[in-house]
Amino acid sequence: MDPGQRRLGERRLVHALQRLHRREPMAADFRVDALVEAARAVPRAAAGHRGSAELTLTDAELRDVADALVAAGRLARRGHRVWLPDHRPQLDSEMRGRVDQLLDGLRAAGAAPPRIEGIAARLGIPPPLLAQLRRSGELVAVAPGIDYPRDVWADIAARLDRLGGYANVARIRGELRTSRRHAEAIIAHRKALARSGARLPRRERPAG
């Protein structure tokens, strides 16, 4: 492998992983294949910089360079996923404040939250971050446009557990004081979780 190309590959991989962590701050790691793809995409701001030189390494060679970076301690890896050793999944203080405002607004709406996308857009929370919040469990998406903060969903599950086999749409609407649309979405989500074998909050059982 050409030494110059190896050094270029190292810079591209490290800078690409830095960009991925900034773009998805709550993601703990990324697949090596995604990192290789990102390393080939030079940001427009880097035009004219030495890092914008042509990278001629193959994907297999870039993966070999990534292996060497792991061996040198510049990247950390578990299986097919890598991350920067000093990375900790978290939001900066400004975005954390926006997310907390979003969650507080959803909590105030109880079991009948409004569509989350509009609120998030007004607060300046991008769609990729909403996806991260769902993957992390801070948000529980029970249907398109219906999301609950984790603690609200756990409370809903516990209340429906107390209803036992009587947790049909009508009983859920009465217990949670919510709409038929929300009640149906809650039942469908609980049944889907039960079928998938996913761990349910507070020994959650399917309703209906």
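# Chat on a predicted chain: helices, cores and loops

Reader: Start with α3. How many residues does helix α3 have, and how far does it reach?
Author: Helix α3, residues 59-71, has 13 residues and reaches 18 Å from its first C-alpha to its last, close to the 18 Å expected at 1.5 Å a residue. The expected span is 1.5 Å times one less than the number of residues. Helices (H or I, at least four residues) and strands (E, at least two) are DSSP runs, numbered from the N terminus.

Reader: What are the ground rules on the model and the numbering?
Author: This is a predicted model, where local features need pLDDT of at least 70, side-chain atom pairs count only at pLDDT 80 or more, and totals for chains, interfaces and linings use all residues. Residues are numbered from 1 along each chain as its sequence is written, and side-chain values use heavy atoms, with hydrogens and water left out.

Reader: Back to α3. Which of its residues are buried?
Author: Leu 62, Val 65, Ala 66 and Leu 69 are the buried residues of α3. Seen down the axis of α3, they fall within an arc of 105°, so they line one face of the helix. Buried means under 20% relative accessible area, exposed over 50%, and partly exposed in between, with a 1.4 Å probe and protein chains only. The arc is that of the directions from the helix axis to the C-beta atoms.

Reader: What do they pack against?
Author: The buried residues of α3 pack against α1 (3-23) and α2 (32-39). Contact means heavy atoms within 4.5 Å. Just after α3, Gly 73 takes a positive phi of about 85°.

Reader: And α2, which residues are buried there?
Author: Val 32, Leu 35, Val 36, Ala 38 and Ala 39. Seen down the axis of α2, they fall within an arc of 165°, so they line one face of that helix. The buried residues of α2 pack against α1, β1, α3 and β3.

Reader: What about α1, how long is it and what covers its buried residues?
Author: α1 has 21 residues and reaches 30 Å from its first C-alpha to its last, close to the 30 Å expected. Its buried residues include Gln 5, Glu 10, Arg 12 and His 21, along with Leu 13 and Leu 17. What covers the buried residues of α1 includes β1 (30-31), α2, α3 and β3 (81-83).

Reader: How many residues are in the largest nonpolar core?
Author: The largest nonpolar core has 22 residues, and those with the most contacts inside it are Leu 13, Leu 17, Leu 20, Leu 35, Leu 62, Leu 69 and Leu 75. α1, α2 and α3 each supply at least two residues of this core, and the largest share, six residues, comes from α1. A nonpolar core here is a set of buried Ala, Val, Leu, Ile, Met, Phe, Trp, Tyr and Cys residues joined through side-chain atoms within 4.5 Å.

Reader: What does Leu 17 touch?
Author: Not counting residues up to four places away in sequence, Leu 17 touches Phe 30, Leu 35, Leu 75, Val 82, Trp 83 and Leu 84. A second, separate core of 18 residues includes Val 140, Trp 153, Val 169 and Ile 187.

Reader: Change of topic. Which residues meet between α4 and α5?
Author: Arg 98, Gln 101, Leu 102 and Leu 106 in α4 meet Ile 116, Ile 119, Ala 120 and Leu 123 in α5.

Reader: Where is Ile 125, and is it buried or exposed?
Author: Ile 125 is in the loop between α5 and α6 (127-136), and at 4% relative accessibility it counts as buried. Leaving aside neighbours within four places in sequence, Ile 125 is in contact with Met 95, Arg 98, Val 99, Leu 102, Ala 120 and Leu 130. Ile 125 and Leu 102 are 23 residues apart in sequence and 8.9 Å apart in space, C-alpha to C-alpha.

Reader: What is the phi of Arg 177?
Author: Arg 177 has a positive phi of about 55° although it is not a glycine. Most residues other than glycine have a negative phi. Arg 177 lies in the loop between α8 (169-176) and α9 (180-196), and is exposed, with a relative accessible area of 77%.

Reader: Last one: how many helices and strands are in the chain?
Author: There are nine helices and five strands in the chain. Of its 208 residues, 42% count as buried.
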